[in-house]
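Please read this note with the sequence and the model open. The points are numbered so that each can be checked separately.

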Amino acid sequence: MPKVRRSWASSKSDDNGSVGTLARAEESSALGKLSFVSLCLLVFAMPWEDAITISDFGTSVRLIGMVTVGLGILAMIEKGKVRRPAPGHILIALFVLMAVLSYLWSLYPEGTLVQSFSYVQLFAMVWLIWELAPRVKEQMWLMRAYVLGTFISGVDTLYLFFSHQESVYQRYAGAKLDANDLGLIMALSIPMSYFLLLHNKGWMAWVCRLQLVLAGTTILLTASRGATLATLVALSIVPLTQARLTARQRIAVLLTASLLICAALFFVPESSWERLSTLPNELERGTLTGRTIIWGAGWEIFRTHPFFGIGANAFRPIVSRVLAEPIRLGDRDPAPPAHNTFLSVLVEQGIFGFALFCALLVSLTLSLRGMPPFPKRLWMVSLAVWAVGVSSLTWEMRKPTWFFFGLIMAQCGSMAQKHLAHSRAPGFAVVQRPQLLLAHEPRP
């Protein structure tokens with residue numbers, strides 16, 4: 001029975017050594033380990049990517065990404081082989097190819113060229129996750145890196161609140177991020193941090209508890225209504241997993257919830273609660289701060305260019321010509337974004353590009369069917385949080401989007417590899433199968 005209850009993340013879940021042999025065969029070289037450390041640093045910097053800007057170059061995350069890609073390519077050359085791509089990788093490659101080809105008919109070719117290059121970089125990041133994090137152990141480190149990175153932007157948000165430095169009127173957002181973007185970054189971290197809380201002990205468990213409290217408080221300080229809805233979806237992971245928790249884990253969850261409630265009551269100002277309380281009225285009769293007007297203009301553009309769209313990154317300048325009254329025009333925001341990822345992809349890449357994007361989401365969802373119950377719920381909830389959050393944000397170009405997609409594919413790939421290794425092990429049908437069904441339960 002101790003073997004049956006072992007953690008799903010353990011790399012020693014086999015009795016005959018088949019999985020252990022496979023793991024040893026995949027041990028990285030010194031260059032591979034350095035590449036993985038650089039990848040972890042890149043993931044760590046995602047939640048505060050706008051905090052540090054290098055003059056005439058871009059953000060510090062861009063520099064880290066370039067170094068990571070270079071090291072990753074060298075590591076793959078040294079290894080002399082690449083992994084077989086998952087269906088999701090093929091769909092992403094086709095989606096990126098569609099964006100690059102849209103330069104040929106783009107209404108804003110300069111912007112399309114820039115975004116095409118960015119899409120190629122994002123695909124490289126997804127592939128590096130696939131190559132450098134083939135096992136659950138590495139994937140867990142990437143999850144920790146993202147969760148730890150949220151402390152930078154979260155603590156900075158608290159600092160701005162205590163020093164009365166509003167990002168916009170009565171709203172607070174650290175790391176120079178937009179309040180709505182920061183809210184979704186934090187909402188996406190909640191299921192992941194909850195998952196790590198249940199699979200770690202000691203100091204890391206307390207780090208996850210503090211992060212959950214900080215994430216909830218930060219979301220409320222941003223007063224982002226879309227992020228608040230996404231957070232409600234994120235919290236659904238708690239009732240979905242309660243039946244599988246031990247008494248000690250339930251106490252830990254209750255303690256974390258109590259800390260979050262206390263922090264919300266102590267830190268969050270009345271202005272945030274007032275703004276969040278307008279959500280039902282905005283959904284029923286409002287314009288969601290002008291978003292519905294932008295969506296209507298975007299739909300009119302789509303009707304004019306339905307099949308191939310207007311070109312990647314062309315939504316902002318083109319929609320500003322359609323709007324009867326420009327919205328948020330200024331030095332910082334020269335034209336309004338789509339404020340809806342799905343509409344943005346539909347307008348910019350047409351029906352064909354939108355079909356590829358939807359096929360990718362369906363592929364990610366279907367790939368979760370073969371995963372154990374707990375991680376399956378984690379990623380199903382995470383996908384739902386992302387879908388709700390990006391319904392009011394333009395996030396097809398944001399790094400967290402493609403990081404989560406890449407991590408889901410990597411984890412599904414590692415699960416399939418582990419199942420394959422077990423199926424080839426002697427005595428699998430008699431000894432290993434019961435263990436395989438239960439080995440993914442949370443650690444007592």
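1. Basis of the note. This is a predicted model, in which local features need pLDDT of at least 70, side-chain atom pairs count only at pLDDT 80 or more, and totals for chains, interfaces and linings use all residues. Residues are numbered from 1 along each chain as its sequence is written, and side-chain values use heavy atoms, with hydrogens and water left out.

2. Overall make-up. The protein has 19 helices and two strands; helices (H or I, at least four residues) and strands (E, at least two) are DSSP runs, numbered from the N terminus. Of its 444 residues, 54% count as buried, where buried means under 20% relative accessible area, exposed over 50% and partly exposed in between (1.4 Å probe, protein chains only). The accessible surface comes to about 19,900 Å², and 67% of that belongs to carbon and sulfur atoms; these areas come from the Shrake-Rupley method with a 1.4 Å probe, and for residues only the protein chains shown count as cover.

3. Contacts along the chain. Contact means heavy atoms within 4.5 Å. Among the contacts with a separation of 6 or more, 79% are between residues 24 or more positions apart.

4. Helices H2 and H3. Two packed helices are described by the angle between their axes and the distance between the axes. Helix H2 (residues 30-45) packs on helix H3 (residues 60-79) at about 155 degrees, with the axes 8 Å apart. Axes are lines fitted to C-alpha atoms, for helices over the stretch in contact, and angles run from 0 to 180 degrees between N-to-C directions. H2 and H3 are therefore roughly antiparallel; angles over 145 degrees count as roughly antiparallel, under 35 as roughly parallel, 65 to 115 as roughly perpendicular and the rest as oblique. The crossing of H2 and H3 is left-handed, that is, the near helix is turned anticlockwise from the far one by less than a right angle, clockwise being right-handed. The residues in contact include Leu31, Ser35 and Leu42 of H2 and Ile64, Leu71 and Glu78 of H3. By class, this contact has 12 nonpolar, six polar and one charged residues. Here Ala, Val, Leu, Ile, Met, Phe, Trp, Tyr, Cys and Pro count as nonpolar, Asp, Glu, Lys and Arg as charged, and the others, Gly among them, as polar.

5. Helices H4 and H16. The axes of helix H4 (residues 87-101) and helix H16 (residues 341-367) come within 9 Å and cross at roughly 175 degrees. That angle makes H4 roughly antiparallel to H16. Among the residues that make the contact are Pro87, Leu91, Phe95 and Met98 of H4, with Val345, Phe352, Leu356 and Leu360 of H16. The contact of H4 with H16 has 13 nonpolar, four polar and no charged residues.

6. Helices H14 and H16. Helix H14 (residues 291-304) packs on H16 at an angle of about 15 degrees, the axes being 9 Å apart. H14 and H16 are therefore roughly parallel, and H14 passes H16 in a left-handed crossing. Trp295, Gly298, Trp299, Ile301 and Phe302 in H14 meet Leu343, Leu346, Val347 and Ile351 in H16. This contact has eight nonpolar, one polar and no charged residues.

7. Phe161 and Phe267. Phe161 lies in helix H6 and is buried, with a relative accessible area of 14%. Phe267 is in helix H11 (residues 247-267). Phe161 and Phe267 are 106 residues apart in sequence and 8.6 Å apart in space, C-alpha to C-alpha. Leaving aside neighbours within four places in sequence, Phe161 is in contact with Tyr172, Leu221, Phe267 and Pro269; on that basis, Phe267 is in contact with Phe161, Phe162, Thr217 and Leu221. For Phe267 and Thr217, 50 residues apart in sequence, the C-alpha to C-alpha distance is 7.3 Å.

8. Positive phi values. Gln170, in the loop between helix H6 (136-162) and helix H7 (179-198), has phi near 55 degrees, a positive value in a residue other than glycine. Gln170 is partly exposed, at 27% relative accessible area. Ala223 also is not a glycine and has a positive phi of about 55 degrees. Ala223 sits in the loop between helix H8 (203-222) and helix H9 (225-234) and is buried, at 0%.

9. Pro191. Which helix holds Pro191? Pro191 is in helix H7 and counts as buried at 0% relative accessibility. Not counting residues up to four places away in sequence, Pro191 touches Ala234, Ile237, Leu378, Val381, Ser382 and Val385.
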